[in-house]
Amino acid sequence: PDFIWVDDDFRTPDKTVDYFCFCTNCVDTFNQKYGTQFTRETLVSALERNDEEGQDLRRKWSSYNLEAYENIMAIIADAVNRVDPEIDMGLMVVHLQANAYTLSDYRGMAEALRAKMVRPGGGVHDETTANSILSKIFGVTHQVAQLGDILDRQYELEDFPQTNYKSAKMHMLECTAALMAGCNAVAFASVPPD
């Protein structure tokens, strides 16, 4: 292929599991990084504490998991590069709140992936509520701002699950708003209205 995208569904929480891995290896790696001696059970208990120590631990746990994401991105990029160094990588992202657990460091993830393209997005799959498009476009604006140095920014216009619940006018409005938000192309995952 000319390019490969890493989809925005590669995230926690939302589309996958609610929390990151708490296997023995991950807990041991976290312990080594921060000089702690947690077991899975004691780490979960400590993360649930509602005090300053619990907040500090949650920041460290989020940072640790963000690094894990970035490491996986680098592994993906290296694997693709070994097959064909001419294949471009693209990173699809979504509104920041969907990735709050990983601190939403899209720039770091894109750098680890060596992404030459980004696809800002978020879900607006019908037009039943007019403010949903505004929310998505504000989210896209934030995503573009985080990824400002990547110039190939392809907005995702998606009618998931590929239904025809949007009018032609809504499609035109969404494309226009995407360009105004800083995207310079539109990737369509859409079915034309009847």
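Which residue of β5 does Q154 stand opposite? Q154 stands opposite A185 in β5.

## About the model

This is a predicted model, in which local features need pLDDT of at least 70 and side-chain atom pairs count only at pLDDT 80 or more, while totals for chains, interfaces and linings use all residues. Residues are numbered from 1 along each chain as its sequence is written, and side-chain values use heavy atoms, with hydrogens and water left out.

Helices (H or I, at least four residues) and strands (E, at least two) are DSSP runs, numbered from the N terminus. Burial is given as relative accessible area: buried is under 20%, exposed is over 50%, and partly exposed is in between (1.4 Å probe, protein chains only).

## Strands around β4

Strand β4 covers residues 152-158. Six of its seven residues are buried, so the strand is mostly covered by the cut-off of under 20% relative accessible area. Two strands pair if DSSP finds at least two bridges between them.

Strand β4 pairs with β3 (residues 115-119) in the parallel sense, over two bridges. Here V118 stands opposite R153 in β4. Strand β4 also runs parallel to β5 (residues 185-189), and five bridges join these two strands.

## Salt bridges

A salt bridge is a side-chain nitrogen of Lys or Arg within 4 Å of a carboxyl oxygen of Asp or Glu. By this rule the count comes to nine. One of them joins the side chains of R49 and E53, at 3.6 Å from N to O. R49 is partly exposed, at 35% relative accessibility, and E53 is exposed, at 55%. These two residues and D51 are linked in a network of salt bridges.

Another salt bridge is formed by R114 and D78, with the closest N and O atoms 2.9 Å apart. This pair links distant parts of the chain: R114 is in the loop between α4 (106-113) and β3, D78 is in helix α3 (residues 52-83), and they are 36 residues apart. Both ends are partly exposed, with a relative accessible area of 41% for R114 and 34% for D78.

K136 forms a salt bridge with E174, and their closest N and O atoms are 3.2 Å apart. K136 lies in helix α5 (residues 131-146) and E174 in helix α6 (residues 168-180), so the pair ties together parts that are 38 residues apart in sequence. K136 counts as buried because its relative accessible area is 5%. E174 is buried as well, with a relative accessible area of 0%.

## Helices α2 and α3

Helix α2 covers residues 40-47, and its axis comes within 8 Å of that of α3, with a crossing angle of roughly 120°. Axes are lines fitted to C-alpha atoms, for helices over the stretch in contact, and angles run from 0 to 180 degrees between N-to-C directions.

Contact means heavy atoms within 4.5 Å. L43, A46 and L47 in α2 meet G54, L57, R58 and W61 in α3. By class, this contact has five nonpolar, one polar and one charged residues. In this grouping, Ala, Val, Leu, Ile, Met, Phe, Trp, Tyr, Cys and Pro count as nonpolar, Asp, Glu, Lys and Arg as charged, and the others, Gly among them, as polar.

Q143 is found in helix α5 and is buried, at 0% relative accessibility. Not counting residues up to four places away in sequence, Q143 touches V93, V94, H95, Y106, P120 and G121. G139 is also in helix α5, and its relative accessible area of 10% makes it buried. The C-alpha atoms of G139 and L96 are separated by 7.0 Å, although these residues are 43 residues apart along the chain.

N31 lies in helix α1 (residues 24-34). N31 is buried, with a relative accessible area of 9%. Leaving aside neighbours within four places in sequence, N31 is in contact with T36, Q37 and F38.

## Cysteines

A disulfide is a covalent bond between the sulfur atoms of two cysteines. The cut-off used here is a pair of cysteine sulfur atoms within 2.5 Å, and the structure holds zero disulfides.

C26 is buried, at 18% relative accessibility. C183 also counts as buried, at 5%.
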